[in-house]
Amino acid sequence: MSSFTADDGVTIFYDDVAPTGGTEGGGPLPPVVLHHGFAADAHTNWVATGVVDALVAAGRRVVALDARGHGRSDAPHDPSAYGEGRMARDLARLVDVLGVPEIDLVGYSMGAVVALILATDEPRIRRLVVGGVGAGIVEMGGVDRRVLDNTALAEALLADDPDTVADPVAAAFRAFVDAQGADRRALAAHARSVHATPIAVERITAPTLLLVGDADPLAARPETLAAPIPDCTLTVVPGDHLSAVVAPTFAPSLVAFLSVGG
């Protein structure tokens, strides 16, 4: 486990896992940086689902961070410390700390928003994979608030009694947060600061894979997001927002896309 300090003093922890196999064709490929979704962490989103093992077995170095407010990283309770734009700056700082000329970047849900923001002006991204998002990126500027209302989510996270939460989607996230033992006040602060302005996805130059579950309401109409990204491949796997990452074709699709050299 390693860490770095963001420009506002928040400490971000990450795991840096060495490859165990060779790399096919064209020499070594860059590290794969993984950014998890809301209320998860590197272990929940990427280790427990088998994604890290699949990448390492394919000969890839994997760097998986815990975003601010999540996992082992610092968790301030001020909403001004959050938002996917702020997290994108943390990602850029991580690439600086790694000291590598390029990375492959993977983001899921909240992490996909972070990755897309960074990819609009970060030349060090060689290839990009985003999942758990769809038309909401284009139409809402981030996670689809028509499905997951951020105000209702913040209120659900701060409720003393989870049984009083009426919104079913917010209630499901509250249950997930409680199961993780996560900092509800920190997550509520992020929920109040979610990105909600246009993301210039048409400026993304990295070849991109949009990898979504066929029953994921937060990734509805993914073709609406794929269309304006200049070089984007859309792959649909079985599953909803939580189960898509463990679909039998999720990790292999991700690994295959990132295994292309050049």
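This report describes a strand and a pair of helices in a predicted model.

Strand β5 covers residues 103–108.

Tyr-108 has Gly-131 of β6 as its bridge partner.

## Burial of β5

How many of the six residues of β5 are buried? Six of the six are, and the strand is described as mostly covered.

In a regular strand the side chains alternate between the two faces of the sheet. In β5, Ile-103, Leu-105 and Gly-107 lie on one side, while Asp-104, Val-106 and Tyr-108 lie on the other. Both faces are covered, and the residues on each are all buried.

## Helices α3 and α4

Helix α3 spans residues 84–98 and helix α4 spans residues 110–119. Their axes come within 8 Å and cross at roughly 65°. Angles of 65 to 115 degrees count as roughly perpendicular, and α3 and α4 are therefore roughly perpendicular to each other. The crossing of α3 past α4 is right-handed.

From α3, the residues that make the contact are Glu-84, Gly-85, Met-87, Ala-88, Leu-91 and Ala-92. From α4, they are Met-110, Val-113, Val-114, Ile-117 and Leu-118. Sorted by class, the contact has nine nonpolar residues, one polar residue and one charged residue.

Methods:
Residues numbered from 1 in each chain as written. Predicted model: local features only at pLDDT ≥ 70, side-chain atom pairs only at ≥ 80, totals over all residues. Heavy atoms only, no water. Axes fitted to C-alpha atoms, helices over the stretch in contact; angles between N-to-C directions. Helix = DSSP H or I, 4+ residues; strand = E, 2+ residues; numbered from the N terminus. Parallel < 35°, antiparallel > 145°, perpendicular 65-115°, else oblique. Left-handed = near helix turned anticlockwise from the far one by under 90°. Contact = heavy atoms within 4.5 Å. Nonpolar A, V, L, I, M, F, W, Y, C, P; charged D, E, K, R; others polar. Buried < 20%, exposed > 50% of the residue type's maximum accessible area, 1.4 Å probe, protein only. Pairing = 2+ DSSP bridges.
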